[in-house]
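Visitor: Could you take me through this chain by question and answer, with the cut-offs stated as we go?

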Amino acid sequence: HSLSVLHMFHITKHRNMLLTVGTEDPVTPLTSTTLKVWDLEKYNSQGKDWTHMLGGAFQSTRAIKLFTPKFPEVEVTALQATSEGPNQLVVAVGLANGQVYVLRGDVAREKISRTCVVVAGPSPSATEGITALGFRHEIG
């Protein structure tokens with residue numbers, strides 16, 4: 001991310017990846033918000049981004065624009081992800097308006113489906129921002 005990193009999530013199940021949400025443009029920070037997928041198994045010693053602090057650089061394998069005409073711009077307030085298989089992720093992005101954008105599929109190759117979940121607040125007129133997200137894994 002060329003401007004700032006807002007949220008990070010490390011996935012270790014099936015693959016060692018880091019997901020980050022950040023902005024690319026200071027003039028239009030919401031429209032330039034992207035989800036980046038970092039493959040921590042691919043090391044690049046010549047990197048020129050913020051990961052040089054780690055003693056080298058990891059390559060961003062994919063940058064996905066979070067917002068589209070069907071999914072309008074809102075401040076990102078939370079990030080959570082889980083792995084369903086070696087290349088299958090479910091990424092939940094919490095928003096300041098009480099919605100959660102869910103991206104599911106092969107995020108590294110951008111073969112994903114998007115859905116929007118509206119979380120009901122205490123009253124229809126009061127929309128609270130999402131402050132935390134989690135996944136419940138059922139056994140059996």
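Predicted model: local features only at pLDDT ≥ 70, side-chain atom pairs only at ≥ 80, totals over all residues.

Guide: Residues are numbered from 1 along each chain as its sequence is written, and side-chain values use heavy atoms, with hydrogens and water left out.

Visitor: How many helices and how many strands are there in the chain?

Guide: Helices (H or I, at least four residues) and strands (E, at least two) are taken as DSSP runs and numbered from the N terminus. Read from the N terminus on, the elements run β-β-β-β-β-β-β-β. The count is therefore 0 helices and 8 strands.

Visitor: What is the order of the strands in the open sheet of 4 strands?

Guide: Two strands are called paired if DSSP finds at least two bridges between them. Strand E6 (residues 88-95) is joined to E7 by 6 bridges, and E7 is joined to strand E8 (residues 111-118) by 8 bridges, with both pairs running antiparallel. E5 and E8 stand at the edges with a single partner strand each, so one side of each is left without a neighbour in the sheet. The pairing is antiparallel and the order is E5-E6-E7-E8.

Visitor: Which residue in E7 is the bridge partner of Val91?

Guide: E6 and E7 form a hairpin with 3 residues between them, and Gly98 in the turn has a positive phi of about 90°. The bridge partner of Val91 in E7 is Leu103.

Visitor: How many residues of E7 are buried?

Guide: Buried means under 20% relative accessible area, exposed means over 50%, and partly exposed lies in between, computed with a 1.4 Å probe and protein chains only. In the chain of 140 residues, 38% count as buried. Tyr101, which lies in strand E7 (residues 99-106), counts as buried at 3% relative accessibility. E7 is mostly covered, and the number of its 8 residues that are buried is 7.

Visitor: Why is the pair of Phe67 and Tyr101 edge-to-face?

Guide: Rings of Phe, Tyr and Trp (its six-membered ring) pair if their centres lie within 6.5 Å, and planes under 30 degrees apart count as stacked, over 60 as edge-to-face and the rest as tilted. By this rule the count comes to 2 aromatic pairs. The ring centres of Phe67 and Tyr101 are 6.0 Å apart and their planes stand at 70°, so the pair is edge-to-face.

Visitor: Which parts does the pair of Phe67 and Tyr101 tie together?

Guide: Phe67, which counts as buried at 8% relative accessibility, lies in the loop between strand E4 (57-65) and strand E5 (76-85). Because Tyr101 belongs to E7, the pair ties together parts that are 34 residues apart in sequence, namely the E4-E5 loop and strand E7.

Visitor: Which residues form the one aromatic cluster?

Guide: Phe71 and Tyr101 also make an edge-to-face pair, at 5.1 Å centre to centre and 80° between the planes. Phe71 lies in the loop between E4 and E5, 30 residues from Tyr101, and both residues are buried. The cluster consists of Phe67, Phe71 and Tyr101.

Visitor: Is His14 buried, partly exposed or exposed, and which residues does His14 touch?

Guide: His14 is found in the loop between strand E1 (4-11) and E2, and at 45% relative accessibility it counts as partly exposed. His14 and Gly85 are 71 residues apart in sequence, yet 6.3 Å apart in space, C-alpha to C-alpha. With contact meaning heavy atoms within 4.5 Å, and not counting residues up to four places away in sequence, His14 touches Ser83, Glu84, Gly85 and Pro86.
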